[in-house]
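User: I would like to learn how to read the features of a structure, one at a time. Could you show me the model and walk me through it?

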Amino acid sequence: MFLLLFFTLFFTQPSIAQEPTTIDQFTQFKNNYTFQYNQYLTAYSKYLEKKDVNTKYGSVTTEADKLATAKDAINARNLALKTYLQALRVYLDKYKSADPATTDKFQTELQNWENWFNEQLLIVPNFNNANDLNNWVKDFIIKYIDIQQSIYSALVYNQINHQKYTLGLLNSLIDTAKADPNIKPENQLWLNNFTVRSDLVNTSLEETASLTIKKQYQTRFDNFYPDAKSGLNTANNYLRQIYDNLKIIIVKSTNPDGN
């Protein structure tokens, strides 16, 4: 049971988005997560050793050692997950201005899971037999579906916020260009057409956001992140088209030869 749990939780890890950030607290939490995850790997390795010894000898002492190292490994994993949630919650601040209300919602969810893990860090060491610990593990496997839902939703919304923020900057630039007397009349028509692509960006982002509320199964997590990533890529392609075309218009308008 223990081996299945650890393999299930960490065979595929969600990754925090990799854009550079100036948030010192995020860097601190990210480094803390890396440290705690390595601590978990060490604790899990020690558990596997004691598990093998107990399988070989099956004594009261080896059984007790197996239980003790299992509890250590579980709490090392719980702490690693908690620090991951902390890092992700703080990272959401980077583009929060694009959608403060929704971002607050996800940050609150992550904070609630952090608090839950704090409780488990106190509960797990008090188990004094394998049966109680196995029951906790079974319950956690179900609960972890909801934890993953919160994690991946936050990851998706962070990228949605990033693209909304980028679209806002481009729209501001377009408004500035529209007011520029150097922009030729025919290019002004092109500027007005950017509204269509802007709408396409927003539609793609809305469709992507809807994936995060997809109903989950009772026994396994249905990972919506690949589909969400596809929608984010579509929106990003529209953003790139807006940027490239706007750049052409501005360059032509500032070039004395008009080329």
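Predicted model: local features only at pLDDT ≥ 70, side-chain atom pairs only at ≥ 80, totals over all residues.

User: Which residues does leucine 67 touch?

Analyst: A contact means heavy atoms within 4.5 Å. Leaving out residues up to four places away in sequence, leucine 67 touches Phe127, Asn128, Asn129, Ala130 and Leu133. Leucine 67 and asparagine 128 are 61 residues apart in sequence, yet their C-alpha atoms are 8.0 Å apart in space. For the chain, residues 24 or more positions apart account for 81% of the contacts with a separation of 6 or more.

User: How many helices and strands does the chain have?

Analyst: Helices (H or I, at least four residues) and strands (E, at least two) are DSSP runs, numbered from the N terminus. The chain has seven helices and zero strands, and leucine 67 lies in helix H3.

User: Which residues touch the most other members of the largest nonpolar core?

Analyst: A nonpolar core is a set of buried Ala, Val, Leu, Ile, Met, Phe, Trp, Tyr and Cys residues joined through side-chain atoms within 4.5 Å. The largest one here has 56 residues, and Trp136, Phe140, Ile147 and Leu191 touch the most other members. Two or more residues come from each of helix H2 (24–57), H3, H4, helix H5 (130–178), helix H6 (185–210) and helix H7 (225–254). H5 gives the most, with 18 residues. Another core, of five residues, lies apart from it and includes Phe26, Phe29, Ala87 and Tyr91.

User: How many salt bridges are there?

Analyst: The general idea is that side chains of opposite charge can pair when their charged atoms come close. The rule asks for a side-chain nitrogen of Lys or Arg within 4 Å of a carboxyl oxygen of Asp or Glu, and the count comes to six salt bridges. One of them joins arginine 89 and glutamate 114 at 2.6 Å, N to O. This pair links distant parts of the chain, with arginine 89 in helix H3 (residues 60–91) and glutamate 114 in helix H4 (residues 100–123), 25 residues apart. Both arginine 89 and glutamate 114 are buried. Another salt bridge joins aspartate 222 and lysine 214 at 3.1 Å, N to O. Aspartate 222 counts as buried because its relative accessibility is 16%, whereas lysine 214 is partly exposed at 34%.

User: And the rings: how many aromatic pairs are there?

Analyst: Rings of Phe, Tyr and Trp (its six-membered ring) pair if their centres lie within 6.5 Å; planes under 30 degrees apart count as stacked, over 60 as edge-to-face and the rest as tilted. The count comes to 18 aromatic pairs. Tyr33, Tyr37, Tyr40, Tyr44, Tyr47 and Tyr84 form one aromatic cluster.

Conventions. Residues numbered from 1 in each chain as written. Heavy atoms only, no water. Buried < 20%, exposed > 50% of the residue type's maximum accessible area, 1.4 Å probe, protein only.
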